[in-house]
Amino acid sequence: MAFVRLIVFGFLFLSVIYLAVSFYSRSVRREKLENHWAEDHPGDTDSIERDAYIEAGMQAYRKGFRRKLIVLVYIIPAIAAAALFFLIN
Amino acid sequence: MMRTIRRTLLAILAVVVGVMLDYTLPQHDVVRVVGTYQERQDLESWTRIFWSSPDYQSGTQPNRDVQFIQTYKKKTYLFGFIRSDAERPMVYRNEDTSWSWPPYFKFDTATLQAEADNLKSTQENPKWAVITKYGWRIQLFTAFPNAMAIRAVESPDVTIIPWFNIVFFAAVIALVLFIRAMWLQFRQRTIDPALEDTRDAWEKVDAYADERRGRVSRWWRSWTGR
C-alpha cells in the first residue's frame, strides 16, 4: 500500500515539476528566437515575417530532441531511488 | 513592521526546516556494539512519529516488536562534525523504513541485526564500527535514532565523508538556483507584460477623466469669469 502511495504522490509531484520545466523551457526558447530576430532586424518588433520566424522556430523546438530531455525529470529521481535502494540494502 | 514580521516568519521557517533536516538526514556515529535486543513497543501515543511504518505493520496494530542495537559511541558535537574521545551509551532502533518517510528504502533490518551481533565486543577488546543513522535519542519520549547501516572500521579515528549529504545539499542548491531562474523568467515574460497591459488601460481611463474634468472646469470658469 505504501508503495502505491509513493508511486502516486511521486508521480503527481514530478508531473508538477515537469509542467513547470516545460513552460520555462518554451519561454526561454521563444525569448532566444526574439533576440535572434532583433539582432538581424534592428527596429522590427512586430511584423508578419517576425511572427512567422518565431512560429517556425517554436515548431522546430516542439519536434526537437531538447524538449524530450525534460522527461529526465521523471527518470533521474527514479534512478536515484533505485541507487539508494541497492546501496542501503 | 511588515519587515519585522517577514523576517520573523522566515527565521521560524528556517529553524523548522533545519530541525527536520537534522532529524532526517543520515549522520555517522563511531560506536562499539555491546548488545542487541528485541522488545515489544506500544505505538498508540503521539510519540508514534518517532517510529517507522514498515509494511508488515498495517497501521492498525497497536504494538509490535522492534529490534534495538546497544552501543557505546564516541561523543560528537556540532552536528557530528567534531568528535571527542569521550564515550557515552547510545541505543539505536533497527526498523525498516520500507516505502515510507524518510525515503531510504531500508528493508534489511534482519541482516543489519546480524551484522551488529557479529560486531559485539567488550571494553577491554573493542571492535569499532561506524553506524549510519537518522533520528534523535530523546529519553523523555523513548525515541531512538534508526540505524541504517553498520560497517567495521580499524580504529575510532576513521575519517568519514558524508557523501549522501554532500550530494543532497548540492542538489538543493542547484534546485534553488533553477527555481529562481524559472521565477525570474516567468515574471519577466508573463507577469510584467500583463501588468503593463493593465497599466496602459488604466492610463487611458485616467486621461479620459482628466479631459472631462478639464471641460467641466472650463465651463465653470466661463460662468465665474476666472
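This is a predicted model: local features need pLDDT of at least 70, side-chain atom pairs count only at pLDDT 80 or more; totals for chains, interfaces and linings use all residues.
A residue counts as buried if 20 or more other C-beta atoms lie within 10 Å of its own.

**View 1. B:Ser98, a buried residue with positive phi**. B:Ser98 has 21 other C-beta atoms within 10 Å, so it is buried. Its loop runs between strand 3 and helix 2 of chain B. Phi is positive here, about 50°, although B:Ser98 is not a glycine.

**View 2. The cis peptide bond between B:Trp101 and B:Pro102**. Omega of this bond is about -10°. B:Pro102 sits in the loop between strand 3 (82-94) and helix 2 (109-118) of chain B.

**View 3. B:Thr142, in the loop between strand 4 and strand 5 of chain B**. B:Thr142 is not a glycine, yet its phi is positive, about 50°. It has 13 other C-beta atoms within 10 Å and is therefore partly exposed. Strand 4 of chain B covers 128-134.

**View 4. B:Ser53 and B:Asp96**. Their C-alpha atoms are 7.6 Å apart, while 43 residues separate them along the chain. B:Ser53 belongs to the loop between strand 1 (27-42) and strand 2 (63-77) of chain B. It counts as partly exposed, because 17 C-beta neighbours lie inside 10 Å.

**View 5. Helix 1 of chain A against helix 2 of chain A**. Helix 1 spans residues 2-40 of chain A and helix 2 spans residues 48-63 of chain A. Their axes lie 10 Å apart, and the packing angle is about 140°. The two helices of chain A are therefore oblique. Their crossing is right-handed. Helix 1 of chain A contributes A:Arg29, A:Arg30, A:Leu33, A:Glu34 and A:Trp37 to the contact. Helix 2 of chain A contributes A:Arg50, A:Tyr53, A:Ile54, A:Gly57, A:Met58 and A:Tyr61. By class, the contact holds six nonpolar residues, one polar and four charged. An α-helix has 3.6 residues a turn, so residues three or four places apart point the same way.

**View 6. Helix 2 of chain A along its length**. Its 16 residues reach 23 Å from first C-alpha to last. That is close to the 22 Å expected at 1.5 Å a residue.

**View 7. Helix 1 of chain A against helix 4 of chain A**. Helix 4 of chain A takes in residues 72-88. The two axes come within 9 Å and cross at roughly 140°. These helices of chain A are therefore oblique to each other. From helix 1 of chain A come A:Leu14, A:Ile17, A:Tyr18 and A:Val21. From helix 4 of chain A come A:Val73, A:Tyr74 and A:Pro77. The contact has seven nonpolar residues, no polar and no charged.

**View 8. Where chain B touches chain A**. Here 16 residues of chain B are in contact with 13 residues of chain A. On the chain B side, strand 5 (146-153) and helix 3 (163-224) each supply at least two residues. Helix 3 of chain B gives the largest share, three residues. The chain B side divides into eight nonpolar, four polar and four charged residues.

**View 9. Helix 1 of chain B**. This helix covers residues 2-24 of chain B, 23 residues in total. At 1.5 Å a residue it should span 33 Å, and its end C-alpha atoms are 33 Å apart, which agrees. The number of buried residues is zero, so helix 1 of chain B lies largely in the open.

Terms used:
Residues are numbered from 1 along each chain as its sequence is written. Chains are lettered from A and ligands numbered from 1 in the order in which they are written. Axes are lines fitted to C-alpha atoms, for helices over the stretch in contact, and angles run from 0 to 180 degrees between N-to-C directions. Helices (H or I, at least four residues) and strands (E, at least two) are DSSP runs, numbered from the N terminus. Angles under 35 degrees count as roughly parallel, over 145 as roughly antiparallel, 65 to 115 as roughly perpendicular and the rest as oblique. A crossing is left-handed if the near helix is turned anticlockwise from the far one by less than a right angle, and right-handed if clockwise. Two residues are in contact if their C-beta atoms, placed from the backbone, lie within 7 Å. Ala, Val, Leu, Ile, Met, Phe, Trp, Tyr, Cys and Pro count as nonpolar, Asp, Glu, Lys and Arg as charged, and the others, Gly among them, as polar. The expected span of a helix is 1.5 Å times one less than its number of residues. A residue is buried if 20 or more other C-beta atoms lie within 10 Å of its own, exposed if 12 or fewer, and partly exposed in between; C-beta atoms are placed from the backbone.
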